[in-house]
Amino acid sequence: MDRNFQHRLSKIEKHVSAARKERNAKEKQAFKALPGRALHHSTAVAAIVLSGQPKINEPLIRAWVRALQHYRIDVNKPGVMDDQVRAAQRLFPIIIGKEDSSAKFTKIFRTTPVWLLQFTGLAADARFLKFQLPNLTKNLRWGSEGYKDARRWPLLPAGTMTAGDPIPWIDSRRLWLAVHCKITTPIPDFEDLLSWDEEEEPSHRDKVPLYDLYEDILFTLRLDGKPEEEWSRYEKRRVRRLSEWITSFDIEFAAAMSKAMTHADFMRVCKRFGLPLVWRTPA
């Protein structure tokens, strides 16, 4: 092999390695901030659940304002992130107090309507903060504007979930909705996932359950913001694989849950699918 070629190849490999490390460092820094954002977001949603009287056909901002009024918290702009965080910081000691936050959030959201949990993206909060939610796999009608609204996370949605043109049942936007709004399966710490990229021999692949699924989820999150028409064939294939897994999971999980009649049945289903305990969602 030509020495000049070997030298150029070595330089390329070093450049790629440095770029990967820089990317991982930035992502780790961003991920470190997510649990704190999730905590403020969950606190705001908890206030809405407890005192906002949310309605599926009413802009959620109105329920947020009612909750703030109930707790006598004044903010200049309820729909702005900074004011939402300041309000959540004041609400946390009122709503959670000295109790364990994960246990308290689990209790508060136990009987919350699925549409509100999905619309506010509580599934993402639950993964970061390790609290439990009811079964979120129910397929609900979403509108194009409601989808955009939900993507404001960790800022609360301001409008309604069904606003805009209806999103077809087979649509690429449903993938993001499934990952962000429906899947509560605990996944390894994001920093651990990112560090796996740096290992020369991924021995964890055989030791970590659903490793490929975690990798596909992380890969899809990295694509967030990149227009679908710009995806490469490889990127489309990875996203399609995750989408097919989610669809299969929804069908199998829903079928298993429909047959579970006792508490023990529910426990067995949750264990089979690697999920924390879930409850029936009230009609």
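These legends describe close-up views of one predicted model. Residue numbers start at 1 along each chain as its sequence is written, and side-chain values use heavy atoms, without hydrogens or water. In this predicted model, local features need pLDDT of at least 70 and side-chain atom pairs count only at pLDDT 80 or more, while totals for chains, interfaces and linings use all residues.

**View 1. The largest nonpolar core holds 45 residues.** A nonpolar core is a set of buried Ala, Val, Leu, Ile, Met, Phe, Trp, Tyr and Cys residues joined through side-chain atoms within 4.5 Å. Buried means under 20% relative accessible area, exposed over 50%, and partly exposed in between (1.4 Å probe, protein chains only). Trp64, Leu91, Ile95, Phe109, Phe131, Leu133 and Trp142 touch the most other members. Elements giving two or more residues to this core include helix H1 (3–51), helix H2 (60–70) and helix H3 (81–95). H1 gives the most, with 7 residues. Helices (H or I, at least four residues) and strands (E, at least two) are DSSP runs, numbered from the N terminus.

**View 2. Phe131 and its contacts.** Contact means heavy atoms within 4.5 Å. Neighbours within four places in sequence are left aside. Phe131 then contacts Ser42, Ser102, Phe105, Thr106, Phe109, Leu122, Asp125 and Ala126. A second, separate core has 5 residues, among them Leu175, Val179, Val239 and Leu242.

**View 3. Thr43 sits in helix H1.** Is Thr43 buried or exposed? Thr43 is buried, because its relative accessible area is 1%. Leaving aside neighbours within four places in sequence, Thr43 contacts Ala88, Leu91, Phe92, Ile95 and Phe105.

**View 4. Helix H3 bends at Gln89.** The bend is about 25°, and a proline, Pro93, follows within four residues. A bend at a residue is the angle between axes fitted to the seven residues ending there and the seven starting there. Buried residues of H3 are Asp83, Gln84, Val85, Ala87, Ala88, Leu91 and Ile95. After H3 comes Gly97, with a positive phi near 60°.

**View 5. The second largest cavity has a volume of about 40 Å³.** On a 1 Å grid over the protein atoms alone, a cavity is a set of points where a 1.4 Å probe fits but cannot get out; lining residues have an atom within 4 Å of a point. Grid points are joined across faces, edges and corners, and a volume is the space filled by probe spheres set on the points. Its lining includes Ile48, Trp64, Gln84 and Arg152. H2 supplies the largest share of that lining, 3 residues.

Definitions and conventions. 1 Å grid on protein atoms, 1.4 Å probe; cavity = no way out; pocket = protein on both sides within 12 Å on 5 of 7 lines; lining within 4 Å.
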